[in-house]
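Please consult the sequence and the structure shown here alongside the text.

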Amino acid sequence: MEKIELLEESKRCLKCKNHPCENACPIGTRIPEIIDMFQRGEELEAGKILFENNPMSLVCSLICPFENQCMGSCVRGIKTTPVNFPSIENYIMEKYLRETTFENTPSNGKRIAIVGGGPGGLSGGFYLRRKGYDVTIYDDHEKMGGMLRYGIPSFRLTKDKVDLLEEKAYESGIKFQGNKIFTEDSLRRLKKEGNYQGVLVTTGAWLPKELNLEGVEREGVYYGIDYLKNNIDLGKNKKVVVIGAGNVAMDVARTAKRQGNEVLIAYRKKIEAAPATKVEIHETVEDGVNFLTEVTPVKITDKGIVLERNNEKTQFLYECDNAIIAVSQKSQFNVESLDGYFYGGDLVTGPETVVKASFTGRESAKLLDDYLVGKE
Ligand code: SF4
């Protein structure tokens, strides 16, 4: 949307006193206040407020499940359509991040390691760096971004947005060490051996939740998160079945479709019960992915997948070349109570939205700051 259209859109906001939109935002974005500032032309100031509250604001303006959050709670939505705040936020954040040079806050002499450079770690990192801590982010991937870069397909989030956040992280003085793999043990030793005063662990939930299904080890069977992370190309004109109906399942199905394949999502419940948002399901349907609901996978054979219709209890073979299991993810590390260690993001909550990872990353960074201030 052009700025002039966004200004028109912003005039639809009633500046509700009890701001239900803001209350529905997991990170408490000050929506009516930001809209006010936008109308007054104070875009860079508004961008600063948005970023300091939520360093993932740019990303959130593109991929948050708005229908369950700000837009789903907007008073305007009762009779007509909700105020399109995400588009306003997106305009502000693009401008703010591209036109502002981030301050490299002088060091307070304390060193903090963040393990995991996804949305949780980055949010925590920006917060701590602003407070003066020397922050080093470690990640097992080559670059920063975590799920933003390696889990969310680029048709939903273009990588230039992640590059922009990375650039701002470097500009603010955050250091980064990629391709760094930790074990439980080396993670425990990091604080002492790296001479850090605190460690924030935000390693996410990258391991697929396994499905106890006969034939799961067959060639051509993948787990959704591995398929996305490793950019696996299935080739063209294949028949692909995706098991699951959450956000990752939708991303997997749409990616496989874009690779030129015939894709079916098989889900054990009614579509209304799917964890993915209505918008995502709608977009997946628009992309030409088919759905088969109320079926349970029984086994995977060399010909395809055997499914059982829940009501009739009848089984049938759905012939396919690939099956991709996207039922959920889990984390690789345990949350331990070690002195000076704090935890945030999907590691703590299980697989969640970017905005929730940003929130818990920031909150755990605040706790770490309180802990270090308390030690002075
Ligand atoms: S609920 Fe809608 S109309 Fe009310 S303040 Fe929020 S965006 Fe504006």
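The sections below cover the basis of the model, its domains and its salt bridges.

## Basis of the model

The model is predicted; local features require pLDDT of at least 70 and side-chain atom pairs count only at pLDDT 80 or more, while totals for chains, interfaces and linings use all residues. Residues are numbered from 1 along each chain as its sequence is written, and side-chain values use heavy atoms, with hydrogens and water left out.

## Domains

The protein chain comprises domain 1 (3-99), domain 2 (111-206 + 331-375) and domain 3 (208-328), with bounds taken from an automatic or database domain assignment. Between the C-alpha centres of domain 1 and domain 3 the separation is 35 Å.

## Salt bridges

The whole structure contains 30 salt bridges (a side-chain nitrogen of Lys or Arg within 4 Å of a carboxyl oxygen of Asp or Glu). One of them pairs Arg 98 with Asp 160, at 3.9 Å from N to O. Because Arg 98 belongs to helix α8 (residues 85-99) and Asp 160 to helix α11 (residues 159-171), this pair ties together parts 62 residues apart in sequence. Helices here are DSSP runs (H or I, at least four residues), numbered from the N terminus.

Arg 98 is partly exposed at 46% relative accessibility, as is Asp 160 at 36%; the term covers values between buried (under 20% relative accessible area) and exposed (over 50%), using a 1.4 Å probe and protein chains only.

## Pairs and a network

Glu 352 and Lys 356 form a salt bridge of 3.8 Å, N to O. Salt bridges with shared partners also join Glu 184, Asp 185, Arg 188, Arg 189, Glu 193 and Glu 336 into one network. Glu 184 and Arg 188 are themselves bridged, with their closest N and O atoms 4.0 Å apart; both lie in helix α12 (residues 184-193), four residues apart, about one turn of the helix.

Conventions: Helix = DSSP H or I, 4+ residues; strand = E, 2+ residues; numbered from the N terminus.
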